[in-house]
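Dear colleague,

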Amino acid sequence: MLIRFFRNNSFIQLIGLLVLGILLWVNVFITPPPFVGNSFTSPLFNLVSSLTNNLLILIILAFITLMIQSLYLNHILIKHELVHRSSTLPAFVYLVLMSHSLQLQHLYPALISGLFVLAAIDSLLDIDEENEYYRLSYKTGFLIGVASLFYLPTAALLLLIWITLFIYRIVSWRPSFIPIIGLFTPYLFLFTYYFWMDSANEFILHYQNYFTKTKLIFASNDGYIRIIMTILAFFSTISFTRVLGRINDKKMIVRKKISIILGLFFIGVLILFLNNDLIIHASIIYIPISTFIAIYFSDMRKTFWADLLFSFTVLFIIFDHFQF
């Protein structure tokens, strides 16, 4: 069973993770989907996507990015003692969630921004020493600013920094203001570039149009994807319930870090509902969902039925991908 297999952390699990990723993505390797296009509010994504017109290379780049994110999330959760050290469950769960739909299997802004979002989360979870407040607050704000140059809605994660400071009971105004400076630092360089190119007015207009045209829509899905989403929603709900129900059994610092991940979840929900497509904007919310499911699987003593259902879901996802 897959959960039992990935509860260990060794070279064979890394190979298994790679093989699973290839099985989940093999259909788009064979038939690469068309490129989704660029957006003025995603300048760094436009830069990366302009490096080649070869669709297969873009798919391979997306796959490598996802594999790196999966391993990085695994490293973060082990580093901050949210899962057992000898586990690759976070990487496994995140890889499955981020590959459950073919709509997620291509290069898109939210995917690349996830690397910087994970780096920002890593910094946030490190904010537990007084001398680190200022540096980590600025660093986190800067990383979120860079992430938003790939995918603008990630700028909402500025709220997560303030939530984190509140959780750690840091009430000074300076650590709360510094992340704003960090967030706008990349935009200062970007605006300087457009000003130098005599395109400052266009820069302002596009960002103004983005915020005035934001929609509050929840998109639906058809076919097998509804079944997959229902099963994943079931695991998400039960993992949230179990982890939060047993949060008092964990150390104080771990409880604070779980609360930060919970804050990330609610901001991810906000990002989802403020965009007009469910799947392609789901990358952010899959980070906290993967975290809670991984913690649940990691703490579980008897895994047979959960392992059977989740393994079946993974096989069903692979089967679904070959129906197109």
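A residue is called buried when its relative accessible area is under 20%, exposed when it is over 50%, and partly exposed in between, using a 1.4 Å probe and protein chains only. By that rule, 52% of the 324 residues of the protein chain count as buried.

This is a predicted model, in which local features need pLDDT of at least 70 and side-chain atom pairs count only at pLDDT 80 or more, while totals for chains, interfaces and linings use all residues. Residues are numbered from 1 along each chain as its sequence is written, and side-chain values use heavy atoms, leaving out hydrogens and water.

The protein chain has 14 helices and 0 strands, where helices (H or I, at least four residues) and strands (E, at least two) are DSSP runs numbered from the N terminus. One of these is helix α12, which covers residues 252-273 and reaches 32 Å from its first C-alpha to its last, close to the 32 Å expected at 1.5 Å a residue (that is, 1.5 Å times one less than its number of residues). Among the buried residues of α12 are V254, I258, F265 and L272.

As for the overall form, the C-alpha trace spans about 60 × 50 × 35 Å along its principal axes. Of the contacts (heavy atoms within 4.5 Å) with a separation of 6 or more, 78% are between residues 24 or more positions apart.

Best wishes
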